[in-house]
Amino acid sequence: MSLRRRTILAALLGALGVVITTAIVLSQFTATYATSNAIRNRITPAAEAVEALVLAQVSASASLSDYVLLDRDASRKDYERQVDRAGVLLDQIVLKLDAAPEIRPLAEKSRAAQAAWMAADGTPVLAAMEAGDSAKARTITDSKTAWSTYAAMTQATQDLQDAVDDRRLSAGDTLVDFLRVLGVMLLLSGLLVLALLLAYYLGLRRWVLDPLSRIRGDMQ
């Protein structure tokens with residue numbers, strides 16, 4: 001094999017090694033970035049929305065009770081506002097985690113449980129208060145049906161929150177694993193590049209420099 005071909009072959013082998021190493025590192029980096037982006041843009045906002053949903057439902061119940069006891073119009077408005085907010089938050093959770101198959105059924109279960117509580121407690125209580133029958137409103141909101149539907153609503157929302165938290169923890173663990181693997185691959189890539197440079201130098205010395213030295217010696 002001629003010196004020129006040997007030089008070209010050594011350069012091609014070195015370049016091929018660098019390209020393969022770069023492709024592997026980029027692939028791992030892409031997976032790490034995708035997981036980090038999912039946590040930042042989808043999972044974390046969904047988790048925050050679930051926490052806000054829990055607070056909205058509790059606030060709605062508290063405002064309804066306050067309206068029954070004190071007949072304050074501000075409490076009635078706050079109840080309606082919190083109920084509407086809970087519906088918006090449920091839509092946000094489903095939108096953010098639509099790719100997670102276990103989230104949508106739990107979100108719809110929470111929505112249905114909230115509707116059942118409103119049908120058993122909120123709607124008839126508002127109707128009784130508007131009719132001026134506060135005693136009937138107190139009886140309705142303190143009934144076994146009202147309490148059981150409220151407990152079902154809070155439990156359904158808690159199940160949703162647990163599922164979202166599990167999703168966030170799982171994604172966090174995956175991200176940590178990706179980062180650990182990426183760090184190892186970067187270290188190995190650096191070592192591989194050094195090894196390729198050393199191999200390129202030794203090959204260049206053996207195939208090019210040494211033959212040239214022998215030729216020069218022969219000429220001398």
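Ala135 is placed in helix α4, helices being DSSP runs of H or I with at least four residues, numbered from the N terminus. With a relative accessibility of 39%, Ala135 counts as partly exposed, where buried means under 20% relative accessible area, exposed over 50% and partly exposed in between, for a 1.4 Å probe and protein chains only. Ala135 and Leu69 lie 66 residues apart in sequence, and their C-alpha atoms are 9.6 Å apart in space. The model is predicted, with pLDDT of at least 70 needed for local features and 80 or more for side-chain atom pairs, whereas totals for chains, interfaces and linings use all residues. Residues are numbered from 1 along each chain as its sequence is written, and side-chain values use heavy atoms, with hydrogens and water left out.

Within helix α4 (residues 134-141), Ala137, Ile140 and Thr141 are buried. These residues cover an arc of only 90° around the axis, taken from the directions from the helix axis to the C-beta atoms, and are therefore on the same side of α4.

The axes of helix α3 (residues 103-130) and α4 come within 8 Å and cross at roughly 175°, the axes being lines fitted to C-alpha atoms over the stretch in contact and the angles running from 0 to 180 degrees between N-to-C directions. The two helices, α3 and α4, are therefore roughly antiparallel, a term applied to angles over 145 degrees. Contact, meaning heavy atoms within 4.5 Å, involves Ala120, Asp121, Pro124, Val125, Ala128 and Met129 of α3 together with Ser134, Lys136, Ala137, Ile140 and Thr141 of α4.

How values were computed:
Angles under 35 degrees count as roughly parallel, over 145 as roughly antiparallel, 65 to 115 as roughly perpendicular and the rest as oblique.
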